[in-house]
Amino acid sequence: EDGFDVPPPLESEPKSATETLTEQVAREMEAASEKERDPLRQLGALAVSLVLFVSLGLFRWSMAGVLLLVGVLLVHELGHLIGMKLLKYKDVRMFFVPFFGAAVSGTETEPSAQRNAIVSLLGPVPGILIGVVTGIAYLRTEQPLLADATRTFLFINTFNLLPFHPLDGGRFFDAVLFSRHPKLEIGFKILAALALAGLAVILQSVFIGIFAFFVFTSLWATYRSASIAHEMRNQADSVSDAASQQIPRERLHQIVGMLQRKLSGEQLKPKFLATYVEGIWQRIRSRPCKVVPAMGLSLCYAFFILFGIGSAIVFEVVVGEETELVYRTLPSGEVVQLQVTSFHGRRTSETQVNNAGLFDGKQVTWNILTGNKTKEGHWKNGFWHGKWKFWDSQGQLVEILEYDMGQVSRYSKVIDGVVTQLPLEELPRMRRIGQRSPEGVSLKQEQ
């Protein structure tokens, strides 16, 4: 009517498949985030998983054993949880995995490999320290529960420091060293999975074997995520907005598009992709560990894994050794008193004792691993006296020492199968030092 042609209304351009999928993934991520923020849901998941863990554990252990294991796992995971809280992780929650243990999950507000490494250490380190304390308490009180607690604390936490993924040690090395490049990361995880599989065969452990299987099956997915994150980190325009905790829509669209190209059509479900996208964005945001902190954390790791292994060995040696006095009738009809020492039920030495409680007569010791004789000789009123023969771990005679009331008088060594006498000067100085006082059962007890 006014002389102008009115153009028809514009039709909105149809959305591409990637745009549609991006919107669906965004909705799934928002829904998952709301669920994780729900405290009642978190407590419910912890309670249900704990009940299942205890119930299924009763098929293998006593109630006391299950409760001890739950307590040790709680302390371990509380270390991770407290670390996450101190480092301002969000949506932190704990849950139990029946037959496997427990876990704590959370989302970093400021992702960095250094923080990941610290959190991975804060689970096992307190448990190892507590294990040492309970071990000392056991030596003072000899309460069996403290011995069980010591073994459980030291084993679970030291084992978790082994450099196998998904153990804490594997996560530590992944954060400090191998997360810098996808090929380094996947190579480390392949070696870890192979090591776990070998350990499962050696120990004949089904559960360690299942762990190894899960690691193997996750390798390809891990490589895809690491590759996409590495590629996007190397793009100059991705650096500027990587500090954002919320994934920018442009980056979300970009990640979904890259996943579409790498995944098959059957796997392109929004809920499935949402977990992928979240992990990739955390990788993009995560800052690599600098050289000096990496060296310091590595030294800390080395100290505590050696400390845990050493503490476990020392505890078993101290607790496992038992000594008792027995009477035995010799073929000659003589009745003698013997001090018998054993380690976890396996005999390691026998020594004759006289009525005064002094070592007097024959002594024989055996290798705890092979059972071969390692030493044989005689005592006289608490002193080494006469010939003492020494064998190696394979049971081969290696040397003979002769003593005169605790002092070395002659030294012979087996050379090319022949016993050859050598000057005393060729015997190591520490072994030339003789006894200054007699030894025996009564004297040890008084000390």
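Analyst: Welcome! A residue counts as buried under 20% relative accessible area, as exposed over 50%, and as partly exposed in between. Please keep in mind that this is a predicted model.

User: What is the count of salt bridges in the whole structure?

Analyst: A search finds seven. One of them joins the side chains of Glu399 and Arg431, with 2.3 Å from N to O. Glu399 belongs to strand E10 (residues 397-404) and Arg431 to helix H14 (residues 429-432), so this pair ties together parts 32 residues apart in sequence.

User: Are Glu399 and Arg431 buried or partly exposed?

Analyst: Glu399 has 10% relative accessibility, so it counts as buried. Arg431 has 31%, so it counts as partly exposed.

User: What links Arg328, Arg347 and Glu350?

Analyst: A network of salt bridges links these three residues. Within it, Arg347 and Glu350 have their closest N and O atoms 3.1 Å apart, and the cut-off is 4 Å. Arg347 is partly exposed, because its relative accessible area is 41%. Glu350, at 11% relative accessibility, counts as buried.

User: Why is helix H7 called largely enclosed?

Analyst: Helix H7 covers residues 168-176, and eight of its nine residues are buried, so the rest of the structure largely encloses it. Among those buried residues are Phe172, Phe173 and Val176. The helices they pack against include H3, helix H4 (113-121), helix H5 (124-141) and helix H8 (182-203).

User: What makes the nonpolar surface patch?

Analyst: Leu74, Leu78, Ile82 and Leu86 make it, and its area is about 370 Å². Patch residues must have over 30% relative accessible area. Ile82 passes that test and counts as partly exposed, because its relative accessibility is 48%. Ile82 is found in helix H3 (residues 63-86). Here is a handy rule: an α-helix has 3.6 residues a turn, so residues three or four places apart point the same way.

User: How do you know that Gln435 is buried?

Analyst: Buried means under 20% relative accessible area, and Gln435 has 8%, so it counts as buried. Gln435 lies in the loop between H14 and helix H15 (441-446). Leaving aside residues up to four places away in sequence, the residues it touches include Trp379, Phe383 and Trp384. The side chains of Gln435 and Glu439 are joined by a polar contact of 3.5 Å.

User: Lastly, how many helices and strands does the protein chain have, and what percentage of its residues is buried?

Analyst: The protein chain has 15 helices and twelve strands. Buried residues make up 39% of its 447 residues. The chain exposes about 25,800 Å², and 61% of that comes from carbon and sulfur atoms.

Terms used. Residues are numbered from 1 along each chain as its sequence is written. This is a predicted model: local features need pLDDT of at least 70, side-chain atom pairs count only at pLDDT 80 or more; totals for chains, interfaces and linings use all residues. Side-chain values use heavy atoms; hydrogens and water are left out. Patches are made of residues with over 30% relative accessible area and no salt bridge: like charges are joined within 9 Å, nonpolar side chains (Val, Leu, Ile, Met, Phe, Trp, Tyr) within 5 Å. Accessible areas come from the Shrake-Rupley method with a 1.4 Å probe; for residues, only the protein chains shown count as cover. Helices (H or I, at least four residues) and strands (E, at least two) are DSSP runs, numbered from the N terminus. Buried means under 20% relative accessible area, exposed over 50%, partly exposed in between (1.4 Å probe, protein chains only). Contact means heavy atoms within 4.5 Å. A polar contact is a pair of N or O atoms within 3.5 Å; within protein, one must be able to donate a hydrogen and the other to accept it, and residues adjacent in sequence count only if both atoms are side-chain atoms.
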